[in-house]
Amino acid sequence: DMIDTSPNPAVTLQILNYFSRHPYAKDTLEGISNWWVKEPESVVKPALEHLVAQGLISTRAYTNEISYYFVGSSDQLERLSQYVAHLNLAPTTPNKRCVDDPSPLSK
């Protein structure tokens, strides 16, 4: 499994989950480390590199020292979404029945 071969499965899952909830997100290693997963860059970078190697996200150099990570195509988004759904990490949305019919909760 792709997660089992990740250098840090927990961080990899956090990144995947973030991209599944925000498919048009684009950020640097620093931004992902500080804002998305709140882990040191030394922990996040191998996870990002693993996701790039697996073809689930893309990277593009902005300068010699700064790269952006993002979902680069509809194919990548589809693969990422399917993988996240497989792991049951899909973004949670309110159960329509509970929102429309609160009666099961009030009994």
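**View 1. Contacts along the chain.** Among the contacts in the chain with a separation of 6 or more, 52% are made by residues 24 or more positions apart, a contact being a case of heavy atoms within 4.5 Å. The structure is a predicted model, in which local features need pLDDT of at least 70 and side-chain atom pairs count only at pLDDT 80 or more, while totals for chains, interfaces and linings use all residues. Residues are numbered from 1 along each chain as its sequence is written, and side-chain values use heavy atoms, with hydrogens and water left out.

**View 2. Elements and surface of the chain.** The chain holds six helices and three strands, which follow one another from the N terminus in the order α-β-α-α-β-β-α-α-α; helices (H or I, at least four residues) and strands (E, at least two) are DSSP runs, numbered from the N terminus. Of its 107 residues, 31% count as buried, where buried means under 20% relative accessible area, exposed over 50%, and partly exposed in between, with a 1.4 Å probe and protein chains only. The accessible surface comes to about 7,000 Å², and 51% of this surface belongs to carbon and sulfur atoms, as computed by the Shrake-Rupley method with a 1.4 Å probe.

**View 3. The buried residues of helix H2 and their cover.** In helix H2, which spans residues 29-37, the buried residues are Leu-29, Gly-31, Ile-32, Ser-33, Trp-36 and Val-37.

**View 4. Lys-38 after helix H2.** Lys-38 follows H2 and lies in the loop between H2 and H3. Although Lys-38 is not a glycine, its phi is positive, at about 50 degrees. Most residues other than glycine have a negative phi. Lys-38 is also exposed, with a relative accessible area of 59%.

**View 5. The three-stranded sheet.** The three strands form an open sheet in the order S1-S3-S2, with antiparallel pairing, two strands being counted as paired if DSSP finds at least two bridges between them. S1 and S2 (58-61) are the edge strands, each of which pairs on one side only. Neighbouring strands of the sheet are turned by 30 degrees against each other on average, direction ignored, with axes taken as lines fitted to C-alpha atoms. Between S1 and S3, the antiparallel pairing runs over three bridges, and Phe-70 in S3 is the bridge partner of Lys-26.

Methods
Axes fitted to C-alpha atoms, helices over the stretch in contact; angles between N-to-C directions.
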